[in-house]
Amino acid sequence: MGTLALQGLPPPTLRRRVSDLLVARRGLLLLALLLPPLLWFGVIYLGSLLALLANAFFRLDDFTGQVVREVGLSNFLALLEPANLDAARRSVGMAVAVTLACTLLAFPAALMMARATGAMKATFYIAVMLPLWSSYLVRLYAWKLLLAKEGAIHWAAQQLHLAWLVEALLATPLIGGPSLSFSTLGTFVVFVYMWLPFMILPLVAAIERIPASTLEASADLGAPPSTTFRRVVLPLAMPGVAAGSIFTFSLTLGDYIIPQVIGDSTLYIGQVIYRQQGVAGNIPFAAAFSLVPIVAIGLYLWFAKRQGAFDAV
Amino acid sequence: MFGSGPASVRAVDRVSLTIEAGEFFTLLGPSGSGKTTCLRMIGGFSLPTAGRIRIGDVDVTLQPPYLRPVNTVFQDYALFPHMSIRDNVAYPLMVRGQSRARRLAKADELLALVQLPGVADRRPAQLSGGQRQRVALARALVGQPQVLLLDEPLGALDLKLREQMQSELKGLQRRLGITFLFITHDQHEALSMSDRIGVFNAGRLEQVGTPAEVYDRPATRFVAQFVGAANVLEGDSARRVTGLDAAMLRPERVRLGSPLGARAAGGVREVQYFGAFTRLKVDVGGALLQADLPTQPGATLPGVGDDVHLHWDDGAVHALGA
């Protein structure tokens with residue numbers, strides 16, 4: 001008969017003791033593994049965010065140009081000045097418009113991509129992601145040339161005898177300007193171009209997750225394609241729209257380069273912050289204004305959650 | 001008659017089939033035999049490359065799915081995850097523009113019919129597989145289709161639940177009088193539920209008949225072996241034992257007996273106990289013959305290596321075509 005005997009272990013070494021400790025206390029191992037990312041997230045990210053928040057309560061001494069470390073609300077009161085409110089309103093309006101446009105443009109593209117297979121699918125993906133692999137600034141200045149008065153778009157419009165259309169658009173108040181590259185319309189077009197991939201990709205992922213059989217079931221139960229789209233595809237794609245819109249909304253809200261290069265000279269939140277902290281050295285006010293997009297995006301996320309956008313994720 | 005696919009892949013080939021109104025018809029076959037393709041063509045999800053599909057007097061071959069008087073219970077149920085159970089069931093009525101009050105009342109009525117009251121406000125993800133299956137059934141029936149297509153609807157259920165659903169489905173079909181076209185690879189299911197069975201193999205319809213016809217008089221070797229257990233004898237052993245070129249003998253028709261008048265004799269190679277019966281595998285001159293002997297308390301069965309003599313009635317042997 002075979003018997004099982006347990007023999008005493010050799011005397012413990014340091015390595016052995018450490019290993020025993022880690023086996024006995026699972027939480028310790030988990031903590032050791034999570035510590036670096038936690039430190040990164042906690043110190044670098046949250047820490048800088050909190051430092052920013054704290055700065056917002058200080059103020060700049062107008063005479064000395066020094067930051068006075070006294071807690072007060074003067075920066076937040078300054079936010080309510082018409083020029084600042086205007087910049088905030090313009091930025092949020094632009095972010096909403098860009099998000100809506102990206103959603104409308106991304107839907108047909110995402111439907112095609114989700115349905116494509118093999119080489120066709122790879123081609124679609126590359127087409128969407130290729131621009132992301134080149135510099136943002138290069139693409140921005142390329143658009144500057146495209147939209148310029150002597151640029152390709154004006155030229156093409158003239159050749160097609162549509163110059164009147166461009167003129168009419170440029171004459172429209174709010175979105176118009178001397179040329180496309182100096183108009184809010186131009187800013188909008190470039191924003192939409194820049195952030196469209198960030199809407200398409202999550203939308204494709206969401207549409208791909210819709211089981212083909214639910215679409216067949218809808219048709220089988222008597223729904224024509226338009227009803228299937230409205231009642232099944234659209235609601236099930238909403239998490240993708242929500243994810244994509246968080247990108248398009250927040251990226252637009254925070255950008256200060258695109259409106260600098262393309263657009264009339266009106267300011268967006270990002271530009272105001274950039275000028276306050278760079279040129280004026282008013283870090284406290286810049287910090288206070290930075291909270292505007294943070295709060296706006298927070299509200300947006302809360303709204304999206306309330307709409308149930310995250311339920312199906 | 002319909003077929004599908006390019007010449008290289010013919011999922012279904014030269015299938016010609018008429019199903020009577022109010023019939024419980026089962027397409028039985030192994031996976032990949034073309035039965036699901038057949039169902040998808042009737043539902044409108046695949047187009048046949050040749051042939052016609054008619055429902056009643058209407059040629060629906062080129063009709064899109066949403067215009068066909070046909071509803072499907074999908075294999076994975078395909079419930080809408082973002083809708084409540086009640087809205088799922090009411091979906092076909094909503095699509096047709098019925099008033100909200102009316103369609104919700106109708107949905108509750110159907111949920112009661114499939115014995116699933118009290119879950120109407122839940123989401124599909126909150127139900128068990130068996131419950132989801134009933135919801136799918138209620139949703140497919142609420143629009144009163146002329147034909148209900150069921151694509152292996154019981155495949156994902158465990159045995160007990162499956163047997164219960166079998167008798168419920170059969171009862172529902174009898175009560176509603178709707179034509180059921182049922183797809184399965186499970187021969188027990190096919191035999192116990194159907195008015196008629198069509199046996200599929202490799203894209204062809206091998207036999208159409210009542211369960212008894214298919215079981216007792218299989219048209220081909222494939223049908224004999226796929227539906228129930230069968231001794232299929234061919235060549236020399238067939239001629240020696242049965243006097244036919246190819247024959248089928250059901251194991252439960254074989255009895256043990258005395259050497260006198262025995263049809264065959266041989267040594268027992270294997271004994272398998274199944275509870276209700278015991279299966280012997282007997283070596284009859286090189287061919288293994290199965291004999292299923294009903295379990296009788298107190299009876300002693302031969303063991304491996306024993307010589308036994310096999311008997312059966314004249315009608316038990318069924319000649320198989322080439």
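How exposed is B:R239, in terms of relative accessible area? Keep that in mind as you work through the exercises below.

This is a predicted model, in which local features need pLDDT of at least 70 and side-chain atom pairs count only at pLDDT 80 or more, while totals for chains, interfaces and linings use all residues. Residues are numbered from 1 along each chain as its sequence is written, chains are lettered from A and ligands numbered from 1 in the order in which they are written, and side-chain values use heavy atoms, with hydrogens and water left out.

**Exercise 1. Describe the surroundings of B:R239 and find its salt-bridge partners.**

Step 1: Start with the opening question. B:R239 is partly exposed, at a relative accessible area of 43%. (Buried means under 20% relative accessible area, exposed over 50%, and partly exposed in between, with a 1.4 Å probe and protein chains only.)

Step 2: A salt bridge here is a side-chain nitrogen of Lys or Arg within 4 Å of a carboxyl oxygen of Asp or Glu. B:R239 pairs in this way with B:D236, with 3.3 Å between the closest N and O atoms. It also pairs with B:D245, at 2.9 Å from N to O.

Step 3: B:R239 and B:D236 sit about one helical turn from each other, because they are 3 residues apart in helix α9 (residues 235-242) of chain B. (Helices, H or I with at least four residues, and strands, E with at least two, are DSSP runs numbered from the N terminus.) B:D236 is exposed at 58%, and B:D245 is exposed at 54%.

**Exercise 2. Work out what the salt bridge between B:R279 and B:D292 connects.**

Step 1: Check the distance. The closest N and O atoms of B:R279 and B:D292 are 2.8 Å apart.

Step 2: Locate both ends. B:R279 belongs to strand β16 (residues 277-284) and B:D292 to strand β17 (residues 287-294) of chain B, so the pair ties together parts 13 residues apart in sequence.

**Exercise 3. State where B:Y77 and B:A202 lie and what their phi values are.**

Step 1: Take B:Y77. Its phi is near 75°, a positive value in a residue other than glycine. B:Y77 is in the loop between β7 (70-73) and α2 (85-95) of chain B, and it is buried at 6% relative accessibility.

Step 2: Take B:A202. Its phi is positive too, about 50°, although B:A202 is not a glycine. The loop between β10 (196-201) and β11 (204-209) of chain B holds B:A202, which is exposed at 57%.
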